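Q: Please take a close look at one part of this model, the open sheet, and walk me through the side chains that link its strands.

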Amino acid sequence: MKSKINCVLCSIGCLIAIDSIAQEEKSISVPDSFGLMNAGIISNPNNEILQMQSMTNFLQNNNLIQVTQIGAYNYSDIILQSQNTTVMVNQNGYNNFLNLYKNTDEINQFVLQSGTNNFISDFSINAVNETNMSIIQDGNNLSLYNNGSNSISKDLKITQTGNSGTIYIFNH
C-alpha cells in the first residue's frame, strides 16, 4: 500500500515540476526602438545633448512608409526613390493590390483601398520635384492605372467608389 501511495505522490510531484517548467516566464530582449540610429550616438557617447539632436534629426530627415492590411490576400509592392518620403497605405478587405513605383525628390502619398478585388498601379519615373497624391478606393472590383507625372498631377486627389470601375490616367 505504501508503494502505491509513494508512486502516486511521485507522479504528482513530476507533473507539478513539468507544469512549472512549462509555465516558466521567458524574457526576450527587445532592442531599443532607436537601435537603427546608433551611429551618431556611438561616436560621442558622453554628450547627451548631441544624442538627442541625433535622434531628432533622424526622425525628421528620414522616410516613412506605413502599410496597414486588414483582411486576407492583400498585396502591396512599393518601390520608392526619394530624399523625403511619407507614404501611408491602408488596405481593408480582401484581394486588394497596390503597385507603387516612384522616383522623385519628395513623395507624400495616401492610399486607401476598402473592399474586395481593388487594383492600383501608380508608376512615375523622374516626376516633378514634389508629389502630393491621395487615392481612395471604396467599393469592389475597382481599378486605377496612373502612369507618369507632371505639374497638373502634382496635387492629385482621386476618390473611386462603387463597383467595377476603371480609371486610366496618363501624365506625360
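A: A salt bridge is counted here where a side-chain nitrogen of Lys or Arg lies within 4 Å of a carboxyl oxygen of Asp or Glu. By that criterion, a search of the whole structure, which is a predicted model, finds one salt bridge. Lys102 forms this salt bridge with Asp122, and the closest N and O atoms are 3.2 Å apart. Because Lys102 lies in strand 4 and Asp122 in strand 6, the pair ties together parts that are 20 residues apart in sequence. Buried means under 20% relative accessible area, so Lys102, with a relative accessible area of 3%, is buried, and Asp122, at 1% relative accessibility, counts as buried as well.

The sheet that holds these two strands can now be set in its context. The secondary structure of the protein comes to three helices and ten strands, and, read along the sequence, the pattern is α-α-α-β-β-β-β-β-β-β-β-β-β. Five of the strands form an open sheet in the order 2-4-6-8-10, with parallel pairing. Strand 2 (75–81) and strand 10 (166–171) stand at the edges, each with a single partner strand, so one side of each is left without a neighbour in the sheet. From one strand to the next, the twist averages 5°. Within this arrangement, strand 6 (residues 119–124) and strand 8 (residues 143–148) pair in the parallel sense over five bridges, and Ser121 stands opposite Tyr145 in strand 8.

In one of them, Tyr75 and Phe97 are stacked, at 5.1 Å centre to centre and with 15° between the planes. This pair links distant parts of the chain, since Tyr75 is in strand 2 and Phe97 is in strand 4 (residues 97–103), 22 residues apart. Tyr75 counts as partly exposed at 41% relative accessibility, and Phe97, at 27% relative accessibility, also counts as partly exposed. The ring of Phe97 pairs with Phe119 too: their centres are 5.1 Å apart and their planes are at 5°, so the pair is stacked. As Phe97 lies in strand 4 and Phe119 in strand 6, this pair ties together parts that are 22 residues apart in sequence. Phe119 counts as partly exposed, with 24% relative accessibility. Tyr75, Phe97 and Phe119 are among the members of one aromatic cluster, which also includes Tyr145, Tyr168 and Phe170.

Thr131 is found in strand 7 (residues 130–140) and is buried, with a relative accessible area of 3%. Leaving aside residues up to four places away in sequence, Thr131 touches Lys102, together with Thr104, Glu106, Ile107, Asn108, Ser149 and Lys154.

For the protein as a whole, 26% of the 172 residues count as buried. Residues 24 or more positions apart account for 23% of the contacts with a separation of 6 or more. The protein exposes about 11,500 Å², of which carbon and sulfur atoms supply 55%.

Notes. Residues numbered from 1 in each chain as written. Predicted model: local features only at pLDDT ≥ 70, side-chain atom pairs only at ≥ 80, totals over all residues. Heavy atoms only, no water. Helix = DSSP H or I, 4+ residues; strand = E, 2+ residues; numbered from the N terminus. Buried < 20%, exposed > 50% of the residue type's maximum accessible area, 1.4 Å probe, protein only. Contact = heavy atoms within 4.5 Å. Areas by Shrake-Rupley, 256 points an atom, 1.4 Å probe, with all protein chains shown as cover. Pairing = 2+ DSSP bridges. Axes fitted to C-alpha atoms, helices over the stretch in contact; angles between N-to-C directions. Phe/Tyr/Trp six-rings, centres within 6.5 Å; stacked < 30°, edge-to-face > 60°.
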